[in-house]
Amino acid sequence: ELGGYEDFMLKEIHEQPAALQATLAGRLDAGGRVDLSELGLDLSGIERVVIVACGTAYHAGLLGKSALERLARVPVEVAVASEYRYGDPVGDEGTLVVAISQSGETTDTLAAIEAARAFGARVLAVTNTQGSLITREADAVLLTKAGPEVGVAATKTFLTQVAALYLLALGVAGVRGARPAGELEEIGRALRRSPEKVEEGIELLGERLMSEAVGVFAGARCALFLGRGQSFPVALEGALKLKEISYLPAEGYPAGEMKHGPIALVDEQCPVVAILGEGTLREKTLSNVEETVARGARVIAVANEGDAAAERIAQSVLPVPTVPEILSPLVSAVPLQFLAYHVAKARGLDVDKPRNLAKSVTVE
Ligand code: F6R
């Protein structure tokens, strides 16, 4: 079953290009046009979107928010399901609730759906499990086609959730005419090429680069993951992966928040993992990271190949291929999965079955 890999997590990280491909197939044509008619939902009547999920799926939801708001110009709220269910939520029939759950069995996410039903919301489930409870509770299902995920830490299901949300954002943007069709199709074509880009990214991360990055973690007692914009949810996900399987305390923070508290954590034993991203935010993140370097931080940067500024400030650079900015999480999440994996392996831990965790959380 492991197909020559040492663990399921490693196998599943490597399966990501194929998982993405399967999730996009039949929903995105060669011209970059999205077809979500399988949902049977009227996407034009959506006034507001609420995304509910837990854990890694919540991080995918944060990325879905930014894509939906940027491309489709609909307001989006993202909530942790265990909070949303008890929050007396507000909404009406114009609200589309998108519930994201790999297993489709997470109790809190199912209860969040029920809470939204009370105000008449329509519900779209994004799940990897056909026939799961969530598929019965939802009005429509957008299936991620990652295939079974055995490792407790979600990897390929995360990437396919993000891709599914990009499809949704492009689909809603198209029917609303929120952006010129040509612009949406260009992003669609790039999304179609994302499996190759993820593959290219995996190949860029040779053993030497990974062991250099793991070396930065020697003697570490915690870690800070920093990013801005779309790289912030990626930072949260990187921190979650690391804490789940290596048991190191790790925090994901918007880089601009550092000086409001967390920079007090910084010293040689608290590495900073910076997801630089692109565009104007890259510059801003770089200057936040420089402030941590001045306080003794050792830095791992996730940056485009050949980023000279990243090479200058970081002990270790994990390169990612260049993609349109809006799709950058698909490539920048992958080095963080490898990083968590190798740090945990270096500590002799069982990456597939981390302590205290279950693959699906069917109790409150
Ligand atoms: C983290 C992880 C969990 C799940 C969360 C939700 O690696 O796997 O945080 O993402 O328990 O699970 P699902 O998506 O099945 O609802």
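So, a backbone N or O atom of glutamine 102 lies 2.6 Å from an oxygen atom of the ligand; I'm calling that a polar contact, a pair of N or O atoms within 3.5 Å. Within protein, one atom must also be able to donate a hydrogen and the other to accept it, and residues adjacent in sequence count only if both atoms are side-chain atoms.

Before I go on: this is a predicted model, so local features need pLDDT of at least 70 and side-chain atom pairs count only at pLDDT 80 or more, while totals for chains, interfaces and linings use all residues. Residues are numbered from 1 along each chain as its sequence is written, and side-chain values use heavy atoms, with hydrogens and water left out.

Back to the ligand. A polar backbone atom of threonine 56 is 3.1 Å from a ligand oxygen, and for valine 152 a backbone N or O atom sits 3.4 Å from an oxygen of the ligand.

Five strands make an open, parallel sheet, ordered β2-β1-β3-β4-β5. On average, neighbouring strands are turned by 20° against each other, direction ignored.

Inside that sheet, β3 (95-101) and β4 (122-127) pair in parallel over six bridges, and serine 101 has threonine 127 of β4 as its bridge partner. Helix α5 (107-117) packs on the sheet, touching β1 (48-53), β3 and β4, at about 170° to β3. Touching means heavy atoms within 4.5 Å; angles run from 0 to 180 degrees between N-to-C directions, with axes fitted to C-alpha atoms, for helices over the stretch in contact.

Now the other sheet: five strands again, open and parallel, in the order β7-β6-β8-β9-β10. Its edges are β7 (250-254) and β10 (316-320), each pairing on one side only, and the twist averages 20° from one strand to the next. β6 (223-227) and β7 pair in parallel over five bridges, with leucine 226 partnered by tyrosine 253 in β7. Helix α11 (231-246) packs here, touching β6, β7 and β8 (272-275), at about 175° to β7. Helix α10 (207-216) lies across β9 (299-304) and β10, at about 135° to β10.

Last up, a helix pair. The axes of α9 (194-204) and α14 (328-346) come within 9 Å and cross at roughly 35°. Contacts come from Ser194, Lys197, Val198 and Ile202 on α9, and Leu330, Val331, Val334 and Phe338 on α14.

How values were computed
Helix = DSSP H or I, 4+ residues; strand = E, 2+ residues; numbered from the N terminus. Pairing = 2+ DSSP bridges.
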